[in-house]
Amino acid sequence: MVDVKERTCCFTGHREIPEESLMKIKQRLEEQVVRLIQQGVIYYGAGGALGFDTLAAQTILALKNAYPQVKLILVLPCQNQSERWNRADRAICEGILVQADKVVYISEHYYKGCMHKRNRHLVDCSDYCICYLNRLSGGTYYTVHYAREKGLKIINCAEQLG
């Protein structure tokens, strides 16, 4: 019997994606997800942040038409994560939230460290990590480094550009 972790991929990436790279990143992301689906990976965990997390969640939701077995799991740091976001970003977040197959909240309220705990949870439950990492600092860098330490197979969409 296959372990659920072996069929799970998490996402992590920067909040800012350069406009000139967005289409290539979207294309690489979709290609990599389809490749994993064809290998039997059906659970996809996203952290619900703006930027790459949102792009990844939207990609999974779009692919559900062709691959209905795929499940989107949102792992959010706290229940009020989006309360300080602008109206448009909150609407996008709410749209993803209602379509997700499962939502996990790390905490009821924000506290220093809840994002870090969210990122570790995503990695600890996955065998694959698709990321958008283009700098060697910050939360994405830390999460990818942690994923590498834990033996996850890392796919960096930023490395596919050019």
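What radius of gyration does the chain have, and what would a compact globule of 162 residues have? The chain has 15 Å, and a compact globule with 162 residues would have a radius of gyration near 15 Å, so the two agree. This is a predicted model. The chain holds five helices and six strands. Its elements run β-α-β-α-β-α-β-α-β-α-β from the N terminus on.

**Overall shape and surface**

- Along the principal axes, the C-alpha atoms of the chain fill a box of roughly 40 × 40 × 35 Å.
- Of the 162 residues in the chain, 47% are buried.
- The chain exposes about 8,800 Å². Carbon and sulfur atoms supply 50% of that area.
- Take the contacts between residues at least 6 apart in sequence: 81% of them join residues at least 24 apart.

- β1 (residues 8-13) and β2 (residues 43-46) run parallel and are joined by three bridges. T8 has Y43 in β2 as its bridge partner. From β1 the chain crosses through helix α1 (residues 22-38) to β2, and this β-α-β crossover is right-handed.
- β2 and β3 also run parallel, with four bridges between them. A46 has L74 in β3 as its bridge partner. Together, β2, α2 and β3 make a right-handed β-α-β unit.
- β3 and β4 (residues 102-105) are parallel too, joined by four bridges. I73 stands opposite K102 in β4. The path from β3 through α3 to β4 is a right-handed β-α-β crossover.

**Helix α2**

- Helix α2 covers residues 52-63, which is 12 residues. At 1.5 Å a residue, α2 should span 16 Å; its end C-alpha atoms are 16 Å apart, so the helix agrees with expectation.
- α2 is mostly covered, with 10 of its 12 residues buried.
- The buried residues of α2 are F52, D53, T54, L55, A56, A57, T59, I60, L61 and L63.
- An α-helix has 3.6 residues a turn, so residues three or four places apart point the same way.

- P77 sits in the loop between β3 (71-76) and α3 (87-99). C78 lies in the loop between β3 and α3.
- Is P77 buried or exposed? P77 has a relative accessible area of 0%, so P77 is buried. The cut-off for buried is under 20%.
- C78 has a relative accessible area of 2%, so C78 is buried.
- Which residues does P77 contact beyond its neighbours within four places in sequence? They are G47, I106, S107, C114, M115 and R118.
- C78 touches Y105, S107, E108, H109 and Y110, not counting residues up to four places away in sequence.

**Distances from the loop**

- C78 and V104 are 26 residues apart along the chain, and their C-alpha atoms are separated by 9.0 Å.
- P77 and C157 are 80 residues apart in sequence. In space, they are 24 Å apart, C-alpha to C-alpha.

Methods. Residues are numbered from 1 along each chain as its sequence is written. This is a predicted model: local features need pLDDT of at least 70, side-chain atom pairs count only at pLDDT 80 or more; totals for chains, interfaces and linings use all residues. Side-chain values use heavy atoms; hydrogens and water are left out. Helices (H or I, at least four residues) and strands (E, at least two) are DSSP runs, numbered from the N terminus. Buried means under 20% relative accessible area, exposed over 50%, partly exposed in between (1.4 Å probe, protein chains only). Contact means heavy atoms within 4.5 Å. The expected span of a helix is 1.5 Å times one less than its number of residues. Two strands pair if DSSP finds at least two bridges between them. A crossover is right-handed if, with the strands pointing away from the viewer, the path from the first strand over the helix to the second runs clockwise. The radius of gyration is taken over C-alpha atoms; the globule rule is 2.2 Å times the number of residues to the power 0.38. Accessible areas come from the Shrake-Rupley method with a 1.4 Å probe; for residues, only the protein chains shown count as cover.
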